[in-house]
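Here is a friendly walk through how two chains meet. Have the sequence and the model open as you read.

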There are 2 protein chains.
Amino acid sequence: MGRDADGFLWDVLGLGCVAVDDLLYVPAYPPADAKVRVRRRERQGGGLTGTALVAAARLGARAAFAGVLGDDEDSRFVEDCFRRAGVDASPAVRRPGARPIRSTIIVDEADHTRTIFFDLTGSTGADPDAPPAEVIRSSRVLFVDHYGVEGMTRAARVARAAGLPVVADVERDEYPGFEALLDLVDHLIVSRAFAARRTGADDPAEAARFLWAAGRSAVVVTCGAEGCWRLGADGVPAHQPAFPVSAADTTGCGDVFHGAYAAVLARGLGLMERVRFAAAAAALKAMRPGAQAGIPTRPEVEAFLARGTV
Amino acid sequence: MGRDADGFLWDVLGLGCVAVDDLLYVPAYPPADAKVRVRRRERQGGGLTGTALVAAARLGARAAFAGVLGDDEDSRFVEDCFRRAGVDASPAVRRPGARPIRSTIIVDEADHTRTIFFDLTGSTGADPDAPPAEVIRSSRVLFVDHYGVEGMTRAARVARAAGLPVVADVERDEYPGFEALLDLVDHLIVSRAFAARRTGADDPAEAARFLWAAGRSAVVVTCGAEGCWRLGADGVPAHQPAFPVSAADTTGCGDVFHGAYAAVLARGLGLMERVRFAAAAAALKAMRPGAQAGIPTRPEVEAFLARGTV
């Protein structure tokens, strides 16, 4: 890939969490001490940043991963997912012994519950000192999550200093240094659960106002089937209804929302359009099984938005 | 390994189930739809035949595996377990796409429950036509389980025709052809649960009598902490108390009992001594974590039996 007219190599650069999800399908989630036969299994790529980058690429953005990968089978699986989706993993940091997050997900085929066992062993998130500042400045948008707060904060500082927007997907705020990272986020997109936990406000519009801060460009609070609330510089929260679709599998919908938002931010769309596009991408994803396998393409999202329905 | 004075290459030859067990340790077994962090994970070899053969080898027998293995990472893991334990896997049948059983075991660190999700995909058990009869006749004892009933039955016929004893570990009897296999078993060692299910007799001594058949040499019904019942040609069931130990992990104890029994059968021990040795091996295993990692050596079992206590 070469640099575009503005000198950028990529549209969206992510440094954070990548995961390998093993889904085990069982007739019913069992009680403790039971022995149950797995009907089928599936291995999928996942992770906040991993799925967001795959979504951005599927939606037409030039996406790249500059987080940490190891030399194990799971790291190779993540690279394969990136390669198939067209995400450039060449700026990734290689460190022996590093691993993606490994999740075992028990899917109840009757009740559709998903019970998740996640293993963070060897998973560090962003490297504190990598990638080089030049790599960070080569992307229109920097995408951060809460995995590797020190490295995320450094990268966000580099982006901010270069006038490049930082889009964040964060689910937890108890890590040391998290507040400094949050201060550097231009586009904060969080779930209603996180927003309520952090602000004490059950009302998502109110929570969005609490999450506003100096230097912020946008706050979005996602509420699943109840749509989302967006807040821009005008200070007036606005509601985006969810697109009414028949949901088959909502795994990864939040990550897809984030990736889609970052992808169209890189294209220069305004806040309302970004949120509408992201909501449409997440809705189409929800109709299909698989976190990454179900991500729609840009033409699919645009056709959906033009029709206003499936 | 060369042939011994009687022309045998091995003491115990097994054809059945091998497994790769991934143990995920969690603070508490969660309700459906929860998301829980795995504190640590461990990969262990397992399976009825796999663990029995490793036990037989650890206890001094020349053990060999002539079941089916594939070309995947899990098959290589099983081979590594066999190699480390000194089980000869050279007679194994190689078939692309074949796999060991894969189990994910959620271990509750507080309650010590073990919830098992097992995946039989690609796991066939014994091959219908392999190994060659000459391989089967090269072992003093043939060890069978209920995985691959057709191949087990063929192998048991070859062993019987050569006057070689067949030791069986079976947990299920609903497979087509199972009755023909059962008729060929000389040494039937089953759990109390299987015995009760099959015979309708809750009393293990009575169940042992029901399980006796023409051509049988021994029936043993294992009852965990309540010891076991043995039945030989005299027709009088006798009780073997369990050795009183402080159990840390009973995973694989049944398989170890079977492997130990087969190992000392090959050495020519009588029924009472075989059952006593197997019970001691299982008791020592119960004191240590890990299905295969916790298997004692022959000197350890003999010292334990000589002392009569830990």
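Which side chain of chain B does Arg41(A) meet in a salt bridge? The partner is Asp119(B), with N and O 2.7 Å apart. A salt bridge here is a side-chain nitrogen of Lys or Arg within 4 Å of a carboxyl oxygen of Asp or Glu.

A word on the ground rules. This is a predicted model, in which local features need pLDDT of at least 70 and side-chain atom pairs count only at pLDDT 80 or more, while totals for chains, interfaces and linings use all residues. Residues are numbered from 1 along each chain as its sequence is written, chains are lettered from A and ligands numbered from 1 in the order in which they are written, and side-chain values use heavy atoms, with hydrogens and water left out.

| Pair | N to O distance |
|---|---|
| Arg41(A) and Asp119(B) | 2.7 Å |
| Arg102(B) and Asp119(B) | 3.6 Å |

The Arg102(B) pair sits within chain B. Because Arg102(B) belongs to strand β8 (residues 101-108) and Asp119(B) to strand β9 of chain B, this bridge ties together parts 17 residues apart in sequence. Strands are DSSP runs of E with at least two residues, numbered from the N terminus.

**The interface**

Chain A brings 26 residues into contact with 26 residues of chain B, where contact means heavy atoms within 4.5 Å. Together the chains bury about 2,500 Å², 56% of it on carbon and sulfur atoms; this is the accessible area (1.4 Å probe) that the two parts lose on being put together, summed over both. Arg41(A), Phe117(A) and Phe118(A) supply 23% of the area chain A buries against chain B, more than any other three residues.

Which elements of chain A give two or more residues to the side that touches chain B? They are β2 (19-26), β3 (35-37), β8 (101-108) and β9 (114-119). The largest share, six residues, comes from β9(A).

β3(A) also pairs with β9 (residues 114-119) of chain B, in the parallel sense and over three bridges; pairing requires at least two DSSP bridges between the strands. In this pairing Val36(A) stands opposite Phe117(B).

**The symmetry**

A rotation of 180 degrees with 0.1 Å of shift along its axis superposes chain A on chain B, with an RMSD of 0.0 Å. That is the relation of a two-fold axis. The same surface serves both copies, as 100% of the contact residues of chain A recur in chain B.

Note on methods. Helices (H or I, at least four residues) and strands (E, at least two) are DSSP runs, numbered from the N terminus. Copies are superposed by least squares on the C-alpha atoms of residues with pLDDT of at least 70 in both.
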